[in-house]
Amino acid sequence: MPELRQFAQARPGPGPLTATVPREYVHRVAVAEILLTGWSRTGADRFTITAQWPRAHQLHVSPDRSAYEPLLVAETVRQCGALLAHAEYEVPLGHQFVLQELRVDTRPEHLAVGAAPAEPVIDITVTEVRRRAGRPTALRYDAAVRLGGERVATGRIAVSWTNESVYRRLRGGRTADVGALRLPRPLPPPLPADTVGRALAADVLLSPDARPGRWRLRVDTAHPVFFDHPLDHIPGMLLLEAARQTVRAHGGQERLVPVSFHATFHQYAELDRPVWTEVSGQDGTDVQVIALQGESMVFECLVGAVAG
C-alpha cells in the first residue's frame, strides 16, 4: 500500500488527528474552505487524494442541508490540481494558476448529506504534463470521485501557471491595483434568491436585464467564499456558480437542477467592467451558458440539468 501523506498531530490513544493539507497548496486562506486531507502517489502520474466535505456550507451544500452541490465536487477537483502541482510537480508557491477547462459530471442520487461529514476519495490520473525548459507549466488530469466505494462523480481539468513576473506582464499592471479593484462598488439589485436556488440574497450573482435570457453579474469582492483572498479578476468558481444560477433562472417554474458542468475559460474576466450571462442554446435539459464582457466571450459552459 502506498503511504498516505496526511497532515496530522499525534495524540494519546489510538489513531492520529486528521487535518487538512496546507492552505497554500490549494490556494485558500480560510481553513474552512480547504477540502483536502491527504494524498499518495499510486503510479506514474497517478494519485489518490482524500477529502472531507462539511455537512453545512454557505454555497456548496443545498439550503436545506440535504445534498452536496455539484460545484462542491468541482472545487474539490480544482484543489486536487493545485495540491499536486505544488507537492508532486515542484511548482513553486506564489506561481499564478490559470484554469482553462473544467468538466464535472455528478450522480446526485449519491450526494446526500449524511449524519457525519462525507470523506470522498479522489483517484487522479494526470494525462498530460506540459514543460518548458524542463519545468512543468501545465497539467491536464482526470478525476474519479468515490464515496463509500461508489463512484459519485468524474472530473477533468486543464490548468496552467506562470511565475509572478510573467503574470504581471500578462495582466498589464492590474496586479498592482488589487486594492483599488476590491473597493466596494454598488451592486445591481439581485434576483429573488429562491429563483436561483439560494437562501441568501448575498449569494445571488445575477441581476435582471431588460433582455430575456440575459442577466448582469453581481460581483461582490467581499464575498467570503469567492474572494477568500485578494484577486485581480473574477474567479473561475464564481463564473461556474453564475452558470448554475443562470440555468436556474432560465428554467423558471420548471426548476432545472444542474448536475454537470463542461466549462471553457477563454480569458480573464475583469473586476471593473460589467459581465453578462446569457443562455445561448438548449437541448432538452442541457443548457449552454456564456459570459460576455464587452464584445468578448470570457467563459462558456454546457450545464447538464434534470427537472427538479
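The following questions and answers concern a predicted model of one protein chain. Local features need pLDDT of at least 70 and side-chain atom pairs count only at pLDDT 80 or more, while totals for chains, interfaces and linings use all residues. Residues are numbered from 1 along each chain as its sequence is written, and side-chain values use heavy atoms, with hydrogens and water left out.

Me: How many helices and strands does the protein chain have?
Reply: Both are DSSP runs, numbered from the N terminus: helices are H or I of at least four residues, and strands are E of at least two. On this basis the protein chain has 5 helices and 14 strands.

Me: Which radius of gyration does the protein chain have, and why does it agree with a compact globule?
Reply: The radius is taken over C-alpha atoms, and the globule rule is 2.2 Å times the number of residues to the power 0.38. Because a compact globule of 308 residues would have a value near 19 Å, the chain agrees with it, at 19 Å.

Me: What percentage of the 308 residues is buried?
Reply: Buried means under 20% relative accessible area, with a 1.4 Å probe and protein chains only. Residues of this kind make up 48%.

Me: Which residues does UniProt list for "domain: A-factor biosynthesis hotdog"?
Reply: The record is an unreviewed entry, and its annotations may be inferred rather than shown by experiment. In the model, residues 25-158 are 15% helix and 44% strand, whereas residues 196-279 are 19% helix and 25% strand. The spans listed by UniProt are residues 25-158 and 196-279.

Technical notes
Buried < 20%, exposed > 50% of the residue type's maximum accessible area, 1.4 Å probe, protein only.
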